[in-house]
Amino acid sequence: MSSDPDPPEYAPITARGLERTFPQYEGQLQHAESVSAQAGAYVDPHEVLGAGLADSISESVGDLYTHQASALRHLADGDDVCVATSTSSGKTYVYALQIARNYLADPDSTALLVYPTKALSRDQEQELNEFFSTLGLNISVRVYDGDTPQNRRKQIRETADVIITNFVGINVYLAHHTRWHTFWANCDLLAIDESHTYTGVHGMHVAWTIRRLRRILEHYDSDPQIVCTSATIGNPSEHSRRLTGKSFTVVDEDGSPRGKRDIAFWKPPVDDGLLGPDADFEEFQQAQTNPVREASSVLAHLGLNGTQTLMFTRSRKNAELGAKYASNAASSHPNSGYLSVEPYHAGLGKETRRGTEYQFKSEQLDGVTSTNALELGIDIGSMDATILTGYPGTRQSFWQQIGRSGRGDSDALSVFVARADAIDQYILDDPAYVLGDAIEDAVIGLENNPVYAQHILCAAQEHPLTAADREWFDGDRLDRAVEMWIDAGKLAGDLSRSVRYTGSPRPQSDISMYTSSDIQFDVRCQDRDIDMEPIDRERAYRDHHEGALFLHNGVQYEVVDFVEDVPNPSITVEEVRTNEYTETISEKTVRNIDPEATRELGNGYQLSWGTGTVEIHYTHFRRKDINSGSATQPLRPTGLPPIELNTQLMWIETPPSLQDDVLREITGEDSSTLTDSDVMEVFGGGLHGAEHGMIKLTPLELRMDKSDLGGLSTIAHPETGVPTWFIHDAVEGGLGFTKRIFDQTATIAERTRERVSQCDCNGTSGCPACIMDSQCGNQNRFLHTDATLLVLDNLINQL
Amino acid sequence: MSASARIACASPQFVDQAEPSLLDDWLTYYDPSIVLLTGRSPEPRAASHLRRQLDSETLLYHPASDAPASGPRRIDGVQFVLSPTEQTLCKLREYEHRDLNVDRPSFVLSGLLELDVDTTSLSTTLVGREEYVSSLQTNQLEGEYVHISASLPADYRREWDGLSVIGGGIDSGYAGTPLVALDCRDDGRVLTRSVTRSQLGLRALDQVGGKRAQQLREAGFTSREDIASTSTSSLSDLPGLGQTIADRIQQSATAIAHDEIVRKSDDPLPNGDPVYIDIETDGLSPTITWLIGVLDGTATDGRYLSFIQTNPDEPGRAIEDFLAWYTANASHRPLVAYRGWKFDFSVILDHIIEYCPHYEDDWNSTYRFDPYQWAVEKQNAILPGRTNKLEDVAAALGYERDETGLTGAAVARTYQQWMADRSPSTEPDWDRFESYCEDDVRGLAVIYESLAKSNRIVSTNEPSRDITETTTQQRLSDW
Ligand SMILES: [Zn+2]
Ligand SMILES: [Zn+2]
């Protein structure tokens, strides 16, 4: 803590100050954390850079942070380096200075920089050009992507020293690699910015694209060094290796300075009076104060006290609602006054956004309510406070949103307003999760065959495949893929001589970098353009059947047409504004389970991971009101047939005796006296709760969305013959997530147990903050919190 | 010349959606002996739709129909066995000697073989193969058989343990897949021809897409001949068809009906005597340019040279030899290739970079010209012919080529086999390939000369090289 005296009550710029002054205070503050300031650690550039370059850096930038210096030292040693430090710790300088060094050694040297978004690319193009010109170096940095005009492309390929692009582009450009031959032949550095964002299906496509790229570079006798810059993730070394196929030196000792700030962990009040012990999902939603409304009241209070505040919301609609709620809250505030607050999101016109940015920067606005559009890069100056409406999904985004507040030496405040969601509630219970060092792993499932197979076709088109390519493409697995494609008529030849591509030209254009199955649905919007990647068949069936409502980039859409039986399946959507969501009911079976790894835990408990077939039939759906949770329409059939998913899954088998133990403990009766439906409600509810809870809390360990997973629990599975619950990857061929859950079952089971035991919901059916899940295909029936705890306790005992 | 019988393949979806005049145009274009209706269900509507369009000579074969034709047939001197079910396959042994000459190959037509590509388990299955093979009892058969299945895509060709399997075009004419025809030759080879839907019927006309074709039909113009013989004013009266577009449509119909070039602009062709080229590769994603045919001079009297590489281990030789000749003898003359910007020029550049990069600058400074791009894409002229393919345009302009029994794809396939296995049995008949290539460059010269003759304005003495032109053209094919 700093030695500053407590600020006066009229300026609630600390967590305690907020507690004391907030007019509707009812015990919302669950935890207050002060993060003390930390001075930067610096190194004289002359220690790591040549004299000339070091002189210019000293003059233009000053000293280097220790992590920058350390990364540059490793690069000088020829290592591939992953820099995993905090946001705005100057990671760009690492590769920029390496480019400068390479250029000074060889003016023909080139570098390829890959960014995750086009917007970031344009931004960095300008910054890097300015940086190099400040250093007096004639290095030209050019963006080359889908927006680059055709008539400039040749010139950029042939003259730029540094090309900035993205992986969607690289996938396509590799088909024409000869046109880039000069660039490839001189390429000394490949920088992958924000490398932690490459996970899941997209991560797999990127990982294989990078291997194809490195293979073509090798064809032109190049083996560039690789720099990955990453947010702080749990496994930077492993992730970089799986992403690129190379081994990395990790630099994660952050030398950048940090300001002092308070973080308030804030729980919107729940009106317990409304909730009986048998309250269902909807009733819980109704009882809790809408977190957006609560956050807006905090915004109004801070704003009226002269604390300029940026509030983050999860959707565009909530950004707009937040601004309205805040104005209303200000007028009913005790020292009521006028609050100037504006919403901000990508759906607003460019001029509106520039105007809001300017007004905020020049302090004409007390507050802005924004989607994560303001999270990355955009300069709106600094502010006193930020409010997070809900956990943004990853620790890195959490800190990014927190980190926006703070000016110079003065105090900064961040308020995390929790939603009624298992992860948000878990964080309230255990703030150490976000404050401490335990962080999510970034997972790339290289084992997914459908994605792998597509890239093998591309690689063959780019250059005939030979036996030497087993090194790039996972050994003997290449032989299997080649044989499959030869039988399918897309490749010809054999690896001992050469395998050539014989399919229709440019297989690269058949790849959608965000999906894994052969069948994808294009998304079309009736009334306007929609910028949405094609959807995998499995997801389309689950979330995008006709009549379904969904959010994309914060805008709500309804699916009005679903066409599958054509060569290019599509869904057509229409923008809607409604206070409803869709609940889809499904029947699921798991069969043909084939374990690849098994851990005997003793006493009849067993963990397994492997492959299997998940058959899901999304049979009916209905719409419900977001606020009341009551159905606004009767159940309607989806009209869809069942679909099969051949994917990876992990499962937990328990001894049959667990059923009697759990029933005896909870009902106090011998199980022989209980009916089948009692067994389903109690023991079935325990397995079901354990399955839901583990799925819901896995994002604490892995960078992912819980919709990347699905589950099934059963008191006797036909293939295992015992009580079992399954967690499966929700994508054809798998994502690699279930393998990690298998490896980290103990941690995930313990976190789940902790959350369920600490949840303050009444009764035993759980609530959205513990084991209820809006994606449940069984309408959250049956769930039993006490039985869940017993099931988990027994499992944890064996782990 | 060996006997050949043509099968035109059509998916039921194509037949269902096509208006009678389009079916008629398709059948006229291919003039098939057999029409193969694909699809796995009886499709009575599509079948009767087709039957109405077919003359009595043409066999309609739909393996999935309720009462399909079956048994041996001799069509245009080629032996076929129609095998809608495995039962017919069992009878092949009976047919041998009685109905089938075992010294000649036979084509077995069925819908019994289908592909299942399972990328999750990394395996491809030819569904139905086991039953198929056990019904055939191959070890007791004397003749040579080629198996065509209507349940496989048209570009599918593969040997499955001695079973030679060819796709019968399951999606033919549906959703962007071209309409294919299979020329079954009595030497056992099958040549695939293709035409897209938009090259048929009214849509073959300049400025006419699906909507306008419908509009024209509704106004009573059902064929290109109708339009060629009408006045432009009767077209321009139609809503949304101004004078300019009506002119273009009418001229295009005239070009096709009268086999003549219609010039649309005064843009001159390049100055200087052209050097016509055509290349042969190992496929549509080529790794080698092994033959460059060059015509130096006019269509009738020009000297034909070919730069050929029979050894696949020296993939750059043909290009290098050609460039040595060109830079020494013709470097000031325009290089002309039909659809050059789409294929030949770009493949040559790729292979120069790959195999003889020292020629890259020489190549970049040549003046390259693509009559297809100039006429069709830049709309300087309307070409005659049913399609804009070189052989169709040249034929419409009166060029008669030798029958070599080859297609570009067949040439590439033969070279691929030679690359994979260099034995006397796979060695290509090089002379035949050279004359196939010569036919193409002479046809190209015919087109170019006709374009030159059709000039509305005689070209003046402008500088012979127009670099800006070259860069714009490259822009069009840039990625
Ligand atoms: Zn709860
Ligand atoms: Zn459930």
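Okay, before anything else: a residue is called buried when its relative accessible area is under 20%, exposed when that area is over 50%, and partly exposed in between, using a 1.4 Å probe and the protein chains only.

Quick housekeeping. This is a predicted model, so local features need pLDDT of at least 70 and side-chain atom pairs count only at pLDDT 80 or more, while totals for chains, interfaces and linings use all residues. Residues are numbered from 1 along each chain as its sequence is written, chains are lettered from A and ligands numbered from 1 in the order in which they are written, and side-chain values use heavy atoms, with hydrogens and water left out.

Let's start with helix α3 of chain A, residues 66–76. Which of its residues are buried? They are A:His67, A:Gln68, A:Ala69, A:Ser70, A:Ala71, A:Leu72 and A:Leu75. The cover over them includes β2 (42–43), β3 (64–65), β4 (81–84), α4 (92–105), β9 (225–230) and β10 (249–251) of chain A. Just past the end of α3(A), you'll find A:Gly78 with a positive phi of about 90°.

Now the sheet. Chain A has an open one made of seven strands, in the order β1-β11-β16-β15-β12-β14-β13, with mixed pairing. At the edges are β1 (29–35) and β13 (341–344); each has a single partner strand, so one side of each has no neighbour in the sheet. From one strand to the next, the twist averages 15°. Those angles run from 0 to 180 degrees between N-to-C directions, and the axes are lines fitted to C-alpha atoms, for helices over the stretch in contact.

What counts as pairing here? Two strands pair if DSSP finds at least two bridges between them. And in general, strands of a sheet pair through backbone hydrogen bonds, either parallel or antiparallel. In our sheet, β12 (residues 309–312) and β14 (residues 367–370) of chain A pair in the parallel sense over four bridges. If you want to find that on screen, look for A:Thr309, which stands opposite A:Gly367 in β14(A).

Helices lie across this sheet too. Helix α13 (residues 316–331) of chain A lies across β12, β13 and β14, running at about 170° to β13(A). Then helix α16 (residues 422–429) of chain A lies across β1, β11 (261–266) and β16 (412–417), at about 130° to β16(A).

Further along chain A there's strand β19, residues 520–525, with partners of both kinds. It pairs with β20 (residues 535–536) in the antiparallel sense over two bridges, and A:Gln520 has A:Asp536 as its bridge partner there. With β23 (residues 570–575), β19(A) runs parallel, joined by four bridges; here A:Val523 is partnered by A:Ile571.

On to the metal. What coordinates the zinc ion, ligand 2? The answer is A:His688 (NE2), A:His692 (NE2) and A:Cys776 (SG), at 2.0 to 2.4 Å. Donors are N, O and S atoms within 2.8 Å of the metal (3.2 Å for Na, K and Ca), and since water is not among the atoms, sites may look incomplete. Along the chain, the donors follow the spacing H-x3-H-x83-C. A:His688 is buried at 6% relative accessibility, and A:His692 is buried at 4%.

A:Asn171, in helix α7 (residues 167–173) of chain A, is buried, with a relative accessible area of 2%. Contact means heavy atoms within 4.5 Å, and beyond its neighbours within four places in sequence, A:Asn171 touches residues including A:Thr209, A:Glu462 and A:Met513. The other is A:Glu283 in helix α11 (residues 281–287) of chain A. Is A:Glu283 buried or partly exposed? It is partly exposed, at 35%. A:Glu283 and A:Cys767 are 484 residues apart in sequence and 9.2 Å apart in space, C-alpha to C-alpha.

Last, a word on chain B. Its secondary structure comes to 18 helices and 20 strands, and buried residues make up 53% of its 479 residues.
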